[in-house]
Amino acid sequence: MKKLSCFGNKVEHSLPSIQKHSCLLQSRHPVASSLLRNLARRANSFWTQLAYFFLVSAIGYWALKLCEPKSPSYKPRDLDIFFTSVSATTASSMSTVEMEAFSNSQLIIIILLMLFGGEVFTSMLGLYLSRSEFAGRDHRKVNSAVSDHSDNNIELKLPPLHPVKEANTFKFDPEMKGIPLKPAPCGEGLVKYRAAKYLSYVVLAYLIIVHAGGSTLLSVYISVVPSARKVLRDKGLAVQMFSVFMTVSTFANCGFVPLNENMLAFKHNPGLLWLLLPQVLLGNTLYPPCLMAAIWLLKWVTGRAEFDYMLRNSGEMGYAHLLPGFHCLCLAATVCKFLLVQFVALCCMEWGSPAMEGLSPYEKLVGALFEAANTRHAGESVFDLSIISPAILVLFVLMMYLPTHTSFLPVRNVKTAPKIQRDEPRRHLLTRLMFSQLSYLVIFIILICITEREYLKNDPLNFNVMNITIETISAYGNVGFSIGYSCKRRLHTDSPCRDAAYGLVGRWSNKGKFILIIVMFFGRLKKFNMKGGAAWSLS
């Protein structure tokens, strides 16, 4: 065997990235190469991601505990610190500690936890690992092709490939005789590897541009608008710290706000809400359509075949957020419909209620749209949920329960239909025996009602099944909405009480908080149980 060439006449031009990542790494560091390939294959497994989120939460707990809080006289309990770390890592924003109790160093740690736990960032890590898997797999294919022809001691030269409009197909120069018109043995794998590499760059650029642009716009707005600047000055919070914190929190759809009042402090600043509203959608529900639009724009500008491969073979890229074009359109339409329904319901039910009291008509409209966008996973609130009508709260519970990629698909074609694969018998059996997500939530709510049964009996206006359900569904949906606790709603006022600016879970027992920690992890990894409950039949 003298020479094997694809996409040209030299091996070094055909396999540059694969030789660097696979051949070189395998020859010099075989153990590291093996570990990297194993990690790449298991990057999207339940246990790997659970270990990642738990490890980040544990490191965050250790870092938050080492840093001094803003007030030396107040130190949160260890369970509350770990709860806050898990809440930030899972993008849940459930709170048991007032946000203004954290110092600047602790706020920076929370920013990092929200960044490392955000869906776009974690999916980007999986994308980088999948590139190593592509490189190793295609390197093995090339080695196999070389070994097949080494016995004949012949020289195999393949002419340049010309992409055609059919997806995943290439044709050779018709003047070359004796070579069949079929894909090259290593050409498709190379295009897939390069497409995965370019896709990781696109996601990284998407992440950087939104964070840099969002924090800059927030800083400029607060610096220009005196009323918004006064809020931060009264709280002793720097403009840059607030802008970066809010951008990371909003884009990750965490919902933490470094103010006790959440976004109620800015209900008279509709301009600030307009700046945050696109970040809520760009980081979660509209991320797949925006990513597809960015790839289409890059293909139109650059004309590179890698971007065309992404658009034509979105299911082959192994990236859950890269959906086919038709699916993206249906997803965007579904998101807009949900927004419209909630917006209309809020305006009709709460226009003259105490929740919107003191707001101008324009501020009410912007506030209602902002609140509707945050019910699906973001959790920043511009209204007091404790005085929202029960009908709206039930609607919010439904929105919090729905997964990110919920969409109405009137037609299922080949590109949008889920692929049916033959799983291993053991794994298939475990999947069939799993409960549905709704069943698990009912179990969690029952357990919390058992642990908080004394509060349910003695303080029924604050502790009731409705409020506990909202808290549990909010933790499962990684939203962060909470009714809160009010001393005015107590029936027995014989004991002292102080209103605190954190969620209802802050008043729960340690057992109830621990159960909600499990719910937050379960909600962050709910994509692994989307098909649970298939073994149950109600007919």
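Q: What should I know about the numbering and the kind of model?
A: This is a predicted model, in which local features need pLDDT of at least 70 and side-chain atom pairs count only at pLDDT 80 or more, while totals for chains, interfaces and linings use all residues. Residues are numbered from 1 along each chain as its sequence is written, and side-chain values use heavy atoms, with hydrogens and water left out.

Q: How many helices and strands does the protein have?
A: Helices (H or I, at least four residues) and strands (E, at least two) are DSSP runs, numbered from the N terminus. Here you'll find 21 helices and 4 strands.

Q: What share of the residues count as buried?
A: Buried means under 20% relative accessible area, exposed means over 50%, and partly exposed is in between (1.4 Å probe, protein chains only). Of the protein's 539 residues, 50% count as buried.

Q: What share of the contacts join residues at least 24 apart in sequence?
A: A contact means heavy atoms within 4.5 Å. Take the contacts between residues at least 6 apart in sequence: 76% of them join residues at least 24 apart.

Q: At what angle do helix 5 and helix 6 pack?
A: For the general idea, axes are lines fitted to C-alpha atoms, for helices over the stretch in contact, and angles run from 0 to 180 degrees between N-to-C directions. Angles under 35 degrees count as roughly parallel, over 145 as roughly antiparallel, 65 to 115 as roughly perpendicular, and the rest as oblique. Helix 5 (residues 78-89) and helix 6 (residues 104-117) pack at about 40 degrees, with their axes 7 Å apart, and are therefore oblique to each other. On the helix 5 side the contact is made by Thr84, Ser85, Ala88 and Thr89, and on the helix 6 side by Ile110, Leu113, Met114 and Gly117.

Q: How do the residues of that contact divide into nonpolar, polar and charged?
A: Ala, Val, Leu, Ile, Met, Phe, Trp, Tyr, Cys and Pro count as nonpolar, Asp, Glu, Lys and Arg as charged, and the others, Gly among them, as polar. This contact has 4 nonpolar, 4 polar and no charged residues.

Q: Where does Ala91 lie, and what is its phi?
A: Ala91 is in the loop between helix 5 and helix 6. Its phi is positive, about 60 degrees, although Ala91 is not a glycine. With 6% relative accessibility, Ala91 counts as buried. Asn478 also has a positive phi, about 55 degrees, and is not a glycine. Asn478 sits in the loop between helix 20 (465-476) and helix 21 (510-524), and counts as buried at 7% relative accessibility.

Q: Which residues touch the most other members of the largest nonpolar core?
A: In soluble globular proteins, nonpolar side chains tend to be buried together. A nonpolar core is a set of buried Ala, Val, Leu, Ile, Met, Phe, Trp, Tyr and Cys residues joined through side-chain atoms within 4.5 Å. The largest one here has 92 residues, and Ile110, Met114, Met263, Phe266 and Leu516 touch the most other members. A second, separate core has 37 residues, including Val191, Val202, Val203 and Leu311.

Q: How do I read a pair of aromatic rings?
A: Such a pair is described by the distance of the centres and the angle of the planes. Rings of Phe, Tyr and Trp (its six-membered ring) pair if their centres lie within 6.5 Å; planes under 30 degrees apart count as stacked, over 60 as edge-to-face and the rest as tilted. By this rule the count is 19 aromatic pairs. Tyr52 and Phe53 make an edge-to-face pair, 5.4 Å centre to centre with 75 degrees between the planes. Tyr52 is partly exposed at 26% relative accessible area, whereas Phe53 is buried at 2%. Tyr206 and Phe251 form a tilted pair, 6.1 Å centre to centre with 45 degrees between the planes. Tyr206 lies in helix 8 (residues 187-224) and Phe251 in helix 10 (residues 239-251), so the pair ties together parts that are 45 residues apart in sequence.

Q: What does His211 touch?
A: His211 lies in helix 8 and is buried, with a relative accessible area of 15%. Leaving out residues up to four places away in sequence, His211 touches Leu115, Thr247, Val248 and Phe251.
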